[in-house]
Every structure is written in C-alpha cells, then in structure tokens.
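Reader: I'm new to this one and would like to learn how to read it. Could you walk me through a few features?

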Amino acid sequence: PDVIDGKTFTSTVVDLNPWVEYEFRVVASNKIGGGEPSLPSEKVRTEEAVPEIPPSEVSGGGGSRSELVITWDPVPEELQNGEGFGYVVAFRPSGTTTWIQTVVTSPDTPRYVFRNESILPFSPYEVKVGVYNNKGEGPFSAVTTVFSAEE
C-alpha cells in the first residue's frame with residue numbers, strides 16, 4: 001500500500017492473487033531514513049476464486065491411428081485460484097456444431113488423447129481447453145485447429 005502516517009495502525013492490501021499465501025512486514029521511516037523491517041507476520045492465505053486464466057499454447061497432433069492428441073501448457077499453481085483445479089477439454093470435427101467435452105482432473109497434466117475408431121486420418125478438429133476449480137468454471141482458451149493422427 002501507499003505510505004501511511006504514523007498514527008495509522010491498519011492498512012488494506014489490494015490486488016492480491018486468490019488462494020496464495022502471503023506474509024507481511026512493516027518498515028517505519030522518517031526524515032532520516034527507514035528502519036529495519038518487522039518480523040514477518042503469520043502466513044495468510046487469500047480466499048479462493050474462480051480461475052481467470054486458461055492454459056496457453058493449446059495445440060496437438062500426432063499420435064497413433066484413430067487418435068486425436070490435444071496438448072497445452074499447464075496453468076501455474078499460483079494462477080489456479082483454489083483447490084480442485086482441472087481442465088475441460090472440448091473438441092469437435094471442423095464444420096460441426098456440437099462440442100465433445102471431457103474433464104482432466106490433474107492440474108499438472110499437459111495433454112489429452114481421444115481414441116475412437118471413427119476418427120479419420122489427418123482430419124481437422126476445432127479444440128479449446130478451459131479451466132475449473134471448486135469455485136466454478138473459468139474461461140476457455142481460444143479455439144485452435146488440431147489434426148488427428150495420420151495413418
């Protein structure tokens with residue numbers, strides 16, 4: 001927070017990330033200079049919130065016959081905003097309107113493989129990956145095109 005006068009005993013810190021532990025210190029200063037920082041406070045965890053950041057670098061391709069491989073860069077822990085974090089993987093053949101969705105419950109997982117004998121080799125699919133935690137669903141990534149495996 002901004003500098004506060006010596007008669008103030010509390011201050012509110014804003015713009016902290018949800019579900020992150022913070023410690024605080026106080027430094028007194030006057031015209032001569034700053035003093036030593038106080039000992040750190042006890043750790044305080046901010047409240048959980050719905051995730052705000054989808055995974056980046058959504059792409060894919062390759063794999064074996066009858067597979068659609070979807071990959072992404074996992075969301076870092078400090079941006080997961082709460083417990084129960086995971087991904088919602090949505091895909092559909094290009095030119096269709098109905099999304100197929102599945103849930104990936106591990107926050108560290110960087111890929112999903114859909115296997116189905118009906119997948120034609122090197123077919124384009126529209127793909128997007130969203131995020132969720134115990135507080136609710138967050139945004140999806142932008143839609144990107146991924147091709148199923150070649151023969």
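Predicted model: local features only at pLDDT ≥ 70, side-chain atom pairs only at ≥ 80, totals over all residues.

Reader: What does the side chain of Thr 46 reach at 2.7 Å?

Author: That would be the backbone oxygen of Asn 17. There's also a polar side-chain atom of Thr 46 that lies 3.1 Å from the backbone nitrogen of Val 20.

Reader: Now Ser 66: buried or exposed?

Author: Buried, because its relative accessibility is 6% and the cut-off for buried is under 20%. You'll find Ser 66 in the loop between strand S3 (56-60) and strand S4 (67-73). Beyond its neighbours within four places in sequence, Ser 66 is in contact with Phe 114, Arg 115, Asn 116, Glu 117 and Ile 119.

Reader: And how should I read a nonpolar core?

Author: In soluble globular proteins, nonpolar side chains tend to be buried together. Here the largest nonpolar core has 18 residues, and among those touching the most other members are Leu 68, Trp 72 and Phe 91. S4, strand S5 (86-93), strand S7 (111-115) and strand S8 (124-133) each give two or more residues to this core, with the largest share, four residues, coming from S8.

Reader: Which residues is Leu 68 in contact with, leaving aside neighbours within four places in sequence?

Author: Quite a list, including Phe 91, Tyr 112, Ile 119, Tyr 125 and Phe 147.

Conventions
Residues numbered from 1 in each chain as written. Heavy atoms only, no water. Buried < 20%, exposed > 50% of the residue type's maximum accessible area, 1.4 Å probe, protein only. Contact = heavy atoms within 4.5 Å. Core = buried A, V, L, I, M, F, W, Y, C linked by side-chain atoms within 4.5 Å. Polar contact = N/O pair within 3.5 Å; in protein donor to acceptor, adjacent residues only side chain to side chain.
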